[in-house]
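Thank you all for making time this morning.

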Amino acid sequence: MSLEQRAKRVLSPVLGHYTWLPLERGEGSWLITKDGRRVLDLTCGIAVTPVGHCHPAVVRAVADQAGKLMHMNVGVATSEPAVALGEMLRDVLPSGIDTFVFQNSGAESVEGAIKFARQATGRPAIFAFRGGFHGRTIGALSVTSSKSTYRKGYLPLMPEAYIAPFPYPLGCRIRPPHDAAACTQHALDEIDQMLEHEVPSDLVAAMIVEPVLGEGGYVPAPAAFLKELREICDRIGALLILDEIQTAFGRAGAWTVADRYGVRPDILTLAKALGGGLPLGAVAASRELHAKWQTGTHGSTFGGNPVSCASGLATLRVIQEERLIERAETVGAIVEEELRPIARDERVREIRRIGAMVAVEFDDKARSKSAIAGALERDVLLITCGSHDQVVRFIPPLNIAEGDLRQGVRAFVEAAKAALEPARRGSEALSRT
Ligand SMILES: Cc1ncc(COP(=O)(O)O)c(C=O)c1O
């Protein structure tokens with residue numbers, strides 16, 4: 001029986017699947033299947049492995065730590081990895097963000113951040129932004145709006161979550177179509193209206209925002225929008241939570257987008273690349289703010305697991321030593337350059353990029369799905385995002401070899417051209433009738 005057949009017997013059908021590639025191992029930018037097929041991984045397992053699969057320094061750190069201590073609850077006793085990782089994070093994250101509570105996942109970190117903001121401010125309401133993805137637990141789901149499907153059968157969710165518009169001109173239904181500046185102004189005006197009509201500003205605990213919509217379509221927020229959110233939060237006494245779970249640690253061309261844009265977060269939520277491939281998340285803020293989170297009111301059995309922290313620490317060191325923050329920009333530019341042959345096709349609505357996060361937005365899901373299927377036939381793994389999966393996103397390892405990257409994007413371009421082809425023939429046929 002194949003691995004896929006076995007998986008379908010024991011793994012719940014609730015999980016959606018892009019592919020059923022039967023993996024044997026990972027080697028840098030490559031995945032190797034049980035039957036020896038080599039597939040270029042331009043997904044990083046959804047933005048988790050910035051230094052590629054099984055980087056020797058990370059494997060060594062994990063094996064060393066596993067041989068010493070695999071688990072101890074951080075509340076029961078202290079061990080080196082969580083403290084050392086906290087010290088490293090304090091050095092690379094925006095100044096003032098110096099204190100951490102480790103969690104196991106992104107959703108759990110968002111959940112923690114919501115609890116933290118509510119307790120520290122004594123206020124109930126949380127603002128979030130349309131298209132944002134923050135996780136699948138009830139609290140995190142309440143501030144998630146990248147796809148309405150995620151809410152199916154789970155309502156009602158957490159009360160006092162308010163969704164405001166996010167400046168995403170292509171996703172905006174206001175006519176006539178407008179640019180980023182007008183879209184930003186519209187989103188800010190809507191926040192004002194919501195504060196006037198729906199929730200008094202002195203009940204708002206926090207605004208949580210992804211500086212680049214991840215699952216929502218790889219849409220960078222204009223820096224001006226984030227700066228305005230900072231000002232609104234200051235004005236109404238709310239906390240600004242930047243969810244950098246998908247963007248931090250080089251992916252967006254900086255340690256954080258907060259740093260890149262010069263926007264000071266009160267709370268940062270981190271996960272994905274933080275654990276370098278092992279489950280790890282964090283709620284990060286200043287020591288002063290953490291002092292407002294009452295001891296004993298939050299916690300976790302596994303959060304700060306020594307092996308996960310050792311893996312995360314080794315990964316961040318590789319990012320630093322191999323100068324991968326700087327490299328992210330080059331990686332993104334190469335992808336963008338190789339995408340040029342399809343950039344002018346009218347069915348490609350936009351190619352956008354920040355750092356090494358690159359998106360190709362098609363005019364419909366059938367084309368994006370067909371393009372990634374065609375890429376996989378050419379041994380390149382890619383995934384989609386966007387409210388209806390109309391966007392193909394590139395999430396290459398930051399240390400990917402230039403030749404592999406160019407070859408991978410070229411394979412995608414060939415597949416995309418084929419995906420665009422039938423429509424071209426169809427429209428010619430139509431125009432002939
Ligand atoms: C920005 C952001 N926040 C939160 C999450 C949830 O993380 P997890 O799947 O680890 O719970 C994700 C996952 O995609 C994410 O991209």
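Helices here are DSSP runs of H or I with at least four residues, and strands are runs of E with at least two, both numbered from the N terminus. This is a predicted model, in which local features need pLDDT of at least 70 and side-chain atom pairs count only at pLDDT 80 or more, while totals for chains, interfaces and linings use all residues. Residues are numbered from 1 along each chain as its sequence is written.

Around the ligand there are 15 residues, of which Ser105, Gly106, Ala107, Gly135 and Ile245 come nearest, where near means that the C-beta atom, placed from the backbone, lies within 6 Å. Helix H5, residues 106-121, gives the largest share of this shell, with 3 residues.

As for the domains, whose bounds come from an automatic or database domain assignment, domain 1 takes in 3-54 + 323-432 and domain 2 takes in 56-321. Their contact, counted for C-beta atoms placed from the backbone and lying within 7 Å, involves 26 residues from domain 1 and 29 residues from domain 2. On the domain 1 side, H12 gives the most, with 5 residues.

Finally, the sheet: it is open, with 7 strands in the order S4-S12-S11-S10-S7-S5-S6 and mixed pairing, two strands being paired if DSSP finds at least two bridges between them. Its edge strands, S4 (99-103) and S6 (161-164), each pair on one side only. S5, residues 125-129, runs parallel to S6 and is joined to S6 by 4 bridges, and Ile126 has Ala161 in S6 as its bridge partner.

How values were computed:
Two residues are in contact if their C-beta atoms, placed from the backbone, lie within 7 Å.
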